Amino acid sequence: MMQQRTHRIEIATPGRGLVAVSAPILAWVAAQGIATGLLTVWCRHTSASLLVQENADPDVRDDLETFFRRLVPEGGGGRYRHETEGPDDMPAHIRAALTQTQLSIPVERGRPVLGTWQGIYLYEHRTAPHRRELALHLIGEAAEPQRRR
Amino acid sequence: MMQQRTHRIEIATPGRGLVAVSAPILAWVAAQGIATGLLTVWCRHTSASLLVQENADPDVRDDLETFFRRLVPEGGGGRYRHETEGPDDMPAHIRAALTQTQLSIPVERGRPVLGTWQGIYLYEHRTAPHRRELALHLIGEAAEPQRRR
Amino acid sequence: MMQQRTHRIEIATPGRGLVAVSAPILAWVAAQGIATGLLTVWCRHTSASLLVQENADPDVRDDLETFFRRLVPEGGGGRYRHETEGPDDMPAHIRAALTQTQLSIPVERGRPVLGTWQGIYLYEHRTAPHRRELALHLIGEAAEPQRRR
């Protein structure tokens with residue numbers, strides 16, 4: 001029988017950079033009793049976003065941040081029209097537009113089918129620490145699906 | 001009982017820029033009698049795309065457009081190989097590749113769980129007005145879901 | 001009755017560039033006996049990604065590749081901190097971050113609702129040939145859905 005679950009995860013970010021969120025997401029999915037289904041993660045913000053990246057070498061995250069910092073220059077002195085919320089706010093909106101607000105991942109045997117090197121990250125784009133909220137949705141069933149090739 | 005709904009929305013765009021589409025999407029979802037589920041919006045084009053952005057200050061949309069205009073230069077004089085459809089066509093394909101063709105948003109209490117500042121936008125990348133089509137899909141059920149923490 | 005199907009597709013890539021994958025994906029969906037539903041494609045890698053692009057003029061793919069090559073410079077000589085896996089590895093992670101790891105497409109009459117000019121592509125970002133794996137998930141039902149406007 002097809003079922004649904006919903007959940008919220010709160011993440012405290014230390015400011016700009018990638019925060020690993022695979023662990024709490026996978027733990028929640030594992031506890032739902034749904035073997036096969038579809039997990040959706042939704043980031044409820046426009047200055048933070050989601051990213052799938054390598055979970056092994058932390059240098060990858062540093063290089064990624066360096067790339068985005070060069071690509072999307074910091075505000076100030078009228079570079080952007082939207083500067084009242086700080087020089088990092090408009091760059092944050094642009095960086096969010098270039099990455100993901102949402103990810104939907106197939107679930108098999110109670111686990112999202114991430115590849116060996118894939119981790120899910122919340123990308124904080126503001127320089128100050130923030131509290132961010134992810135909305136989770138899971139649809140599926142306890143039984144293994146019928147396979148037709 | 002799990003149910004599905006499908007729908008199409010036609011949008012007349014005035015040329016390059018962001019067109020707010022949250023209102024017709026939310027109105028359709030609200031009318032479906034589905035309290036909990038998953039909404040998917042699919043943009044059926046390769047020179048227009050979808051974006052979640054701040055719905056408050058219109059300057060954000062202007063700055064975003066300025067950023068993309070600088071990042072993806074206009075064609076002409078052989079800058080791109082694909083120029084027969086106009087100098088704005090290849091940039092439109094690139095801008096679509098950098099943004100989203102699809103969004104899937106969890107639905108709770110009959111409403112997509114957008115954050116307070118999040119709006120859904122159709123991003124028209126061509127300079128001339130176009131008619132664009134969004135395909136909507138909703139799966140879910142009338143009842144509230146079981147919550148397991 | 002709502003049903004699910006899962007599948008894996010293996011793609012041998014010839015190195016950097018776009019590989020058309022619409023045909024095997026559409027063939028699999030057509031064989032599942034599901035008229036209405038939601039198809040999700042998940043790319044299980046962090047140096048390859050998914051893209052929806054024009055399926056007509058191959059110049060579009062060439063121009064897209066040229067754009068990304070300029071936007072994300074090749075490594076070497078310490079440009080990136082993460083260079084042990086080759087000068088093309090860190091650019092591959094950045095390019096993947098700027099495109100898609102996942103696509104979810106509504107299915108109507110047994111077919112994903114791609115627009116006339118839309119094709120699904122696997123974007124290989126490494127210079128060497130690789131074997132890549134896509135995870136597919138389909139949820140839906142044999143019958144046409146109820147339409148409420």
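Chain A and chain B bury about 3300 Å² between them, with 55% of that on carbon and sulfur atoms. Buried area here is the accessible area (1.4 Å probe) that two parts lose on being put together, summed over both. On the chain A side, A:Gln4, A:Thr6 and A:Trp42 lose the most area to chain B, and together they make up 20% of what that side buries.

A quick word on the ground rules. This is a predicted model, where local features need pLDDT of at least 70, side-chain atom pairs count only at pLDDT 80 or more, and totals for chains, interfaces and linings use all residues; side-chain values use heavy atoms, with hydrogens and water left out. Residues are numbered from 1 along each chain as its sequence is written, and chains are lettered from A, and ligands numbered from 1, in the order in which they are written.

**How the copies are related**

Contact means heavy atoms within 4.5 Å. A salt bridge is a side-chain nitrogen of Lys or Arg within 4 Å of a carboxyl oxygen of Asp or Glu. A polar contact is a pair of N or O atoms within 3.5 Å; within protein, one must be able to donate a hydrogen and the other to accept it, and residues adjacent in sequence count only if both atoms are side-chain atoms.

| Interface | Residues in contact | Buried area | Salt bridges |
|---|---|---|---|
| Chain A and chain B | 37 residues from chain A, 39 residues from chain B | about 3300 Å² | 3 salt bridges |
| Chain A and chain C | 39 residues of chain A, 37 residues of chain C | about 3300 Å² | 3 salt bridges |

Facing chain B, A:Arg81 pairs with B:Asp62 in a salt bridge (3.1 Å, N to O). The interface of chain A and chain B also holds 20 residue pairs in polar contact, both residues at pLDDT 80 or more. Strand E1 (3-13), strand E3 (36-43), helix H3 (89-98), strand E5 (102-108) and strand E8 (130-141) of chain A each supply at least two residues to this side. E1(A) gives the most, with 6 residues. Helices (H or I, at least four residues) and strands (E, at least two) are DSSP runs, numbered from the N terminus. By class, this side has 15 nonpolar, 17 polar and 5 charged residues. Ala, Val, Leu, Ile, Met, Phe, Trp, Tyr, Cys and Pro count as nonpolar, Asp, Glu, Lys and Arg as charged, and the others, Gly among them, as polar.

Turning to chain C, A:Asp59 meets C:Arg81 in a salt bridge (3.4 Å, N to O). Here, too, there are 20 residue pairs in polar contact. E3, strand E4 (48-54), helix H2 (58-71), E5 and E8 of chain A each bring at least two residues to the side that touches chain C, and H2(A) gives the most, with 8 residues. That side counts 18 nonpolar, 11 polar and 10 charged residues.
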